[in-house]
Each structure stands twice: as C-alpha cells, then as structure tokens.
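Student: Could we take a close look at a single part of this model together? I would like to understand the place where the two chains meet.

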Amino acid sequence: MIGLVDCNNFYASCERVFNPKLEGKPIGILSNNDGCVIARSNELKPLVAMGMAAFQIPPNIRKQITLMR
Amino acid sequence: MHPSRCIVLGLVDASVINHLPLVDTPVRAGFPSPADDYLETKLDLTEHLVKHPSATYYIKVMGDSMVDHSIFNDDLLIVDRSLTPQIGDVVIAAVDGELTCKCLGLIDGQHHLLSGNALYPPIALVGKEVHIWGVVIHTIHSLRGLRNS
C-alpha cells in the first residue's frame, strides 16, 4: 500500500511550525539563490504569482511581505 | 517577552544507540550493593524516554513561570508533538506568535493555560490565537550546569 501526502503551501507551512509569529501573514519561500517564489502562504497568493522572480516584485508589495530562503 | 519563553533546539535523533550501563538496583543513599560489579543491562536514554522520535523535539525553556512543575530556567524539555493534549498536561503553546510553556487546565469549564508560579495569571484560551504545539513529556534539569561539569 502506498500513501501519497500533500500539504498546503508546504515550505511556507513548515516555516510557520517553528515560528508561529508568521501565522496569518503573507510569507513566501524563495528558491535556490533567492531567485523565485516557490511557496506562498494564502495571504501572499493575491499579491504575488507562483514562480515570480523575487526582483520583479513591486516595491510597495515587497514592503508588506516576508520572503524566506 | 512571555514568561517561560521556549526555543526549539532540534529534533530527537534516535538513529544512534548510545548504551550506558544501567544500575538495576535502585540507588539509595546508603550502603552500595556488592552485586553492582555485575552490570549487565544497558540503557539508551533516547530509546527509553522517547516513544515517537520523528515527532519529538528538544526545547530549551527560559524563565520561572513553571517552577511549581519543577521546570526551571534553562531546563531542557522533551516535547512530543504527536500526543493529544489533555487537561493537566504541561504543554508548549503558541501564544501571540511565541512558543511558551504552560499547563493546560480548566477554570469554570473554560480551557486556560496555567502557570506554575503564583506571580503569573492564567491565560484564557477562548477568543485568543492560541495553538497547542506539543506535550512536554520530560524535563531535564542540570544540577551542576552544563558549563561547570
């Protein structure tokens, strides 16, 4: 028997487990070399597209969010 | 800063067995048993204390809000996240975005987080952003302190 498990916004959810301050906030996880956003919390989804390059995020949005590597 | 602030130090590693000799006869402060030379049984602390290693973490606790539960400043807690918290359990809770160590209790039928120190009032769980992170199963208190051994 094989079980397949998927989690919501996996890397973003992982960061929140050990850092509960991040709950409810728009957070995103960056790929290798801080390139692109590869995981977004639900609060970040309306602000930033999946896979968006970090440098392309507009400054007014960049101020409101937390990006983690 | 919350009383009894907690820092997660890491996940339990049950992959390496470190056997230390176990003294089978209970150690009383008195006459030692001549049979103590024949130590056969070995004990690995992680194996002995931790039932769910993939869900158990070491957490350092700071502050004195749980002294009544024998948890003191700088103690090391062993916390199992797979257990269902019950009334009376010492738990790690995320309160206002910070991990803190408290006792889960009932006051007038409502769940509260109780301290083990009369100086700190209970925290009501109703209408608050509180999440029970894990159940504290053991506390390690160093008598000599880790730097002065």
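Student: What is the area buried between chain A and chain B, and what share of that area do carbon and sulfur atoms give?

Tutor: A word on the source comes before the answer. This is a predicted model, where local features need pLDDT of at least 70 and side-chain atom pairs count only at pLDDT 80 or more, while totals for chains, interfaces and linings use all residues. Residues are numbered from 1 along each chain as its sequence is written, chains are lettered from A and ligands numbered from 1 in the order in which they are written, and side-chain values use heavy atoms, with hydrogens and water left out.

Now the interface. The size of an interface is often given as the accessible area lost when the parts come together. Between chain A and chain B, about 500 Å² is buried (accessible area, with a 1.4 Å probe, that two parts lose on being put together, summed over both), and carbon and sulfur atoms give 68% of it. On the chain A side, A:V17, A:F18 and A:P20 lose the most area to chain B, together 82% of what that side buries.

Who takes part? Chain A brings 4 residues to the contact and chain B brings 8 residues, where contact means heavy atoms within 4.5 Å. The side of chain A that touches chain B has 3 nonpolar, no polar and 1 charged residues. Here Ala, Val, Leu, Ile, Met, Phe, Trp, Tyr, Cys and Pro count as nonpolar, Asp, Glu, Lys and Arg as charged, and the others, Gly among them, as polar.

Finally, a look at chain A itself. Chain A has 2 helices and 3 strands, in the order α-β-β-α-β along the sequence. Helices (H or I, at least four residues) and strands (E, at least two) are DSSP runs, numbered from the N terminus. The C-alpha trace of chain A spans about 50 × 25 × 20 Å along its principal axes.
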